[in-house]
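Got your viewer open and your selection tool ready? Let's take a walk through this protein, one stop at a time.

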Amino acid sequence: MVFSDLLFIYMFLPLCLVLYYILPNTTYRNGVLIIFSLAFYSFGEPVWVLLLIGSALVDYLNGLFIDKCKKRRSRAAVLGVIMSLVVNLGVLILFKYSGFIMENINALTGLSLPVKHFTLPIGISFYTFQTISYTVDVYCGRARVQRSFLDFLLYVSLFFQLVAGPIVRYTTVASEISRRRFSVFDMSRGIERFIFGLGKKVIIANSLGSIADELLTFETAPVSAAAAWAGILMFSFQIYYDFSGYSDMAIGLGLMFGFHFDENFNYPYISKSASEFWRRWHISLGSFFRDYVYIPMGGNRSHQILNIAVVWFLTGFWHGASWNYIFWGLFWGFLVAIEKLFLRKVLDKIPSVFGHLYLLAAAVSGWLLFYFEDLEKLKQCFFGMFGRNGIPLSDEITVSLLKGSCFVIIAAAVFSCPIYKLLSEKTEALASKSALAYTAAKIAENIILLGILAASSILLVKQSYNPFLYFRY
């Protein structure tokens, strides 16, 4: 089940909200959330619920062990952290990377060791990092230990963000697990945020994603240079609206139930450098690697370039067991490193438009690396973008697809800038100036949201293309 599913929107979510709010206290409400979260997760493959519960149990016990050792001033507390890392990363490596590792060992050594490919449990990359961050934070004194397993299971399994993030740290929601208050304002904001995210996903990401896949699906080479460029540009929009739309829906769902998650995207395509882009894109992942890998390794204080290389290798590898993701991560690491060495000073001195163009070129280049797991097709698409291999500059199919989606493409370009944020701020500013104007603006806003919900629902009835890209990572 996914958020952009009519079953979820019109049955699962309303039923969960009704049962949640008719119960009298947080303990019972937490029980409802646990049951619905496990049901949501088991909708596709029920067996992986056991893995999720097992992962939660391991780090719940590790947290108790670390806390007990710290109270006794025992150095054995570090064993809890080591156990958490070994178990969680071991399970992640087994399911996600073991096949890739064995393939490369065979390629390097000429051996024929058996290669086992496992079905990847949905969300394992996200909840693994969440439970690791909990045990590390308990060890470092940044978080108080959770003594209720059910409360800890709630944190790990919350269906709002379980399968594709954001990576929610325990410290962000610790107080709200046991104490939450209903707020009409939060409920209103949550519904607004959910619908807006749904529109980003269904109206924009799905529409442009189907074009990207059609243009970038080829046997030997793209049909034209225009098809290669258009395909990557459409994918650049798709992945932003797909993932940020999911994050918007997750944050909105959290607000409906009294949880306040941190932002995960902040208009990354308006950035003027690679470093700024990664302060705005998938913020929860970037901050995780910064706080749990980069800074402990020495950060800016020692071996900075090596630390950057390690972080970006891991960032790429986290996204998938394929060389293209590793190259993608190292590509961004290279840009961040040269910016820290000298390029940032150059970018600060030139007109900002050139920094913005540099970032857009870097982002599109990065998404080219990201899209193709087949390195031969990656090479052919790259050459095709510059008219190599004898392909024409343009073709009728590409022109027709772009013409048919011109309004969606324009909307994608416009809303990748903080237009909606600016309009929302202007609307809220009216509250202190003119009650009538503020009321009219809110009515117009609600009509637009109802329109987005209606359009998304109609498209979901018609569309067969409805993946969430980050479910695979």
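Start by selecting His303, which sits in the loop between α11 (283-297) and α12 (304-319). Keep in mind as you look around that this is a predicted model. Is His303 buried or exposed? His303 is exposed, with a relative accessible area of 59%. Check its backbone too: phi of His303 is near 55 degrees, a positive value in a residue that isn't glycine.

**Another loop**

Next, jump to Arg73, in the loop between α3 and α4 (77-109). Its phi is also a positive value, near 55 degrees, and Arg73 is not a glycine either. Arg73 counts as exposed because its relative accessibility is 78%, and the cut-off for exposed is over 50%.

**Into the inside**

Now for a buried residue. Select Leu52, which belongs to helix α3 (residues 48-71). The relative accessible area of Leu52 is 0%, so Leu52 is buried.

**α5 and α6**

Select helix α5 (residues 124-140) and helix α6 (residues 149-157): they pack at an angle of about 135 degrees, with their axes 9 Å apart. α5 and α6 are therefore oblique to each other.

**α1 and α2**

Head for helix α1 (residues 6-22) and helix α2 (residues 26-42), whose axes come within 8 Å and cross at roughly 160 degrees. That angle is over 145 degrees, so α1 is roughly antiparallel to α2. Their crossing is right-handed. On the α1 side, show Phe8, Phe12, Leu15, Cys16, Leu19, Tyr20 and Tyr21; on the α2 side, show Arg29, Val32, Leu33, Phe36 and Phe40. How many charged residues does this contact have? There is 1, alongside 11 nonpolar and no polar residues.

**α8 and α9**

Now select helix α8 (residues 184-216) and α9, which pack with their axes 6 Å apart, at an angle of about 160 degrees. α8 is therefore roughly antiparallel to α9. Turn the view until you can see them cross: α8 passes α9 in a left-handed crossing. Their contact holds 26 nonpolar, 8 polar and 7 charged residues.

**Last stop: the core**

Finish in the largest nonpolar core, which has 138 residues. Which of them touch the most other members? Select Phe8, Phe159, Phe257 and Trp332 and you have them. Helix α9 (residues 225-256) supplies the largest share of this core, 17 residues. Zoom in on Trp332 and, skipping residues up to four places away in sequence, you'll find it touching Ala274, Phe277, Trp278, Trp312, Leu359, Ala362, Ala363 and Gly366.

Conventions:
Residues numbered from 1 in each chain as written. Predicted model: local features only at pLDDT ≥ 70, side-chain atom pairs only at ≥ 80, totals over all residues. Heavy atoms only, no water. Core = buried A, V, L, I, M, F, W, Y, C linked by side-chain atoms within 4.5 Å. Buried < 20%, exposed > 50% of the residue type's maximum accessible area, 1.4 Å probe, protein only. Helix = DSSP H or I, 4+ residues; strand = E, 2+ residues; numbered from the N terminus. Contact = heavy atoms within 4.5 Å. Axes fitted to C-alpha atoms, helices over the stretch in contact; angles between N-to-C directions. Parallel < 35°, antiparallel > 145°, perpendicular 65-115°, else oblique. Left-handed = near helix turned anticlockwise from the far one by under 90°. Nonpolar A, V, L, I, M, F, W, Y, C, P; charged D, E, K, R; others polar.
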